[in-house]
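Please read the following note beside the sequence and the model.

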Amino acid sequence: LIWYKSAVKLGDINSNIAIIELDYDKGNWTSALEKINIFMQTKDFVNLSIYDRITTLELLGLLKSDLNDYEGSAIVFESILSLTRKDKYTDEFTKFRAHTNLAIQQAKINRFFESEKNLDKAMEYAQNDDNKYNWDVANTLGNYAFLFSNKSDYLDSKKYMNMAIKFSLDAIKTFELCCEGDSRIGLYHGNLGEYYQSLGKLEKAEKNFLKALEIRVSNGDINHPDNIDFLTNLSKFYLEKNQPQDALKYSKVAYESYKNLLESNNTNIKKQIVSSDEDILFIYNASIIKNNKENSIRDAFLISQTHVNFEMSKYFNFNSFMKSNEKQNIKNIFKKYWKKNDELSKLEKSINTLLLKENLNSLDKKLQNNNQTREIIKSDLLTLKEKLQGNSKLFDQIYNVKPLSISETRNYLGENEALISFDTSNSLTHSQAYIITKKGEKTYEINLTEDEIKNIVTKLRLGTDLKNLEKLPEFN
């Protein structure tokens, strides 16, 4: 490490990348991202060969992806492809990686048509090898599976999920022929578990999940951040199988790993968990409740309230702010802030609609304009938020709401009052409802969509009496 740091001062590219990779491998992604951004602003980076520039940008793209900035990551890999076209000496493996990485990011942001085109190009490079059963071919087959599974969420679900299963099985078979013992076999067994589960084939799903677990454990520490998604999916599977103890066992490891990851990256743990990875939070919460042990509802309710309060802070009642004692200039800033949030929400829906269209080429200009507009709005929002923070006590309070425990909630309730808190999930087939009264508390699984729950909440806020809830068409 001392040698690397000394060499970095001398501008050695390999040492710069090596020291950044040390952080990357440990899961210190924010630290690695800061270092790579600093390095890219130096003359050393500007004077690099195209090959070394590509090496640096590849790491930047992967870091952005790990930190959930898939749009940013796609832009980086697009720039890498542009560099490979400028350099006639770029080798085919570098081009293969560029098309592969770009395809993966595009699949994550629903740019399915472009993603498939880049995977087709990657497969061309992969099959240039004399040996058709090689690592690149196996990996590309697995990436096709990932693309089709994402596509199944939006388009013909069963058709694309079966395609995902076929490509996953082909990937595993190819890996076993070319690269026996490769750790990526575990990744594709885990993916297969998910795909079979989505089609209700639970026996096949469990077989693949357990095979993936065995491979991941044999290849290193199960607490590593790379295993968070897998453990979350495994927990989800056991929740649906009504095996709450197994679900809690794995969801707790995923939740703690994610907390440790956020701690190492110096972020606000509670806010980051509720805002960036609803799956981990909700599934851990659902596992606690399902175990039905003493205090389980209380633990789960506190987690739920953290989630609810954070969401509430984003959608704070506009009228309440405008009627407060805040100065008029602050209210005017808040009004702009509110309108910009609404504008961003509508624009993002429009972008998602465009991304699902197959003939993206004809829409490319419109999509590009929308993306540029989105970046401008985000920048405006950040500027407005900075003006509000520190100048408005009420605004600061909104964004730092403390969750109430069940006992604290009871102190605010009258004898004939109840608090209902809904916790919705994009992942499981059910949501959760907490009902707290002066004397007790209960939690329920409810098979309602998020929109149906919003409809109930709206009617409650408009004054619907609790005893008339069962008359609402959505309430079971």
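1. Just after helix 13, Asn-242 takes a positive phi of about 60 degrees. Helices (H or I, at least four residues) and strands (E, at least two) are DSSP runs, numbered from the N terminus. The model is predicted: local features need pLDDT of at least 70, side-chain atom pairs count only at pLDDT 80 or more, and totals for chains, interfaces and linings use all residues. Residues are numbered from 1 along each chain as its sequence is written, and side-chain values use heavy atoms, with hydrogens and water left out.

2. Helix 13 covers residues 228-240, and its 13 residues should span 18 Å at 1.5 Å a residue; the expected span is 1.5 Å times one less than the number of residues. The end C-alpha atoms lie 19 Å apart, which agrees.

3. Eleven of the 13 residues of helix 13 are buried, so this helix is largely enclosed by the rest of the structure. Buried means under 20% relative accessible area, exposed over 50%, and partly exposed in between (1.4 Å probe, protein chains only). Among the buried residues are Phe-230, Asn-233, Lys-236 and Tyr-238.

4. Asn-139 belongs to helix 9 (residues 135-152) and counts as buried because its relative accessibility is 6%. Leaving aside neighbours within four places in sequence, Asn-139 is in contact (heavy atoms within 4.5 Å) with Phe-175, Arg-184 and Tyr-188. The side chains of Asn-139 and Tyr-188 are joined by a polar contact of 2.8 Å. A polar contact is a pair of N or O atoms within 3.5 Å; within protein, one must be able to donate a hydrogen and the other to accept it, and residues adjacent in sequence count only if both atoms are side-chain atoms.

5. Three strands form an open sheet in the order 1-2-3, with antiparallel pairing; two strands pair if DSSP finds at least two bridges between them. Strand 1 (418-423) and strand 3 (441-446) stand at the edges with a single partner strand each, so one side of each has no neighbour in the sheet. From one strand to the next, the twist averages 20 degrees.

6. Strand 2 (residues 431-437) pairs with strand 3 over six bridges, and Gln-432 stands opposite Glu-445 in strand 3. Helix 23 (residues 450-461) packs on the sheet, touching strand 1, strand 2 and strand 3, and its direction makes about 155 degrees with that of strand 1. Axes are lines fitted to C-alpha atoms, for helices over the stretch in contact, and angles run from 0 to 180 degrees between N-to-C directions.
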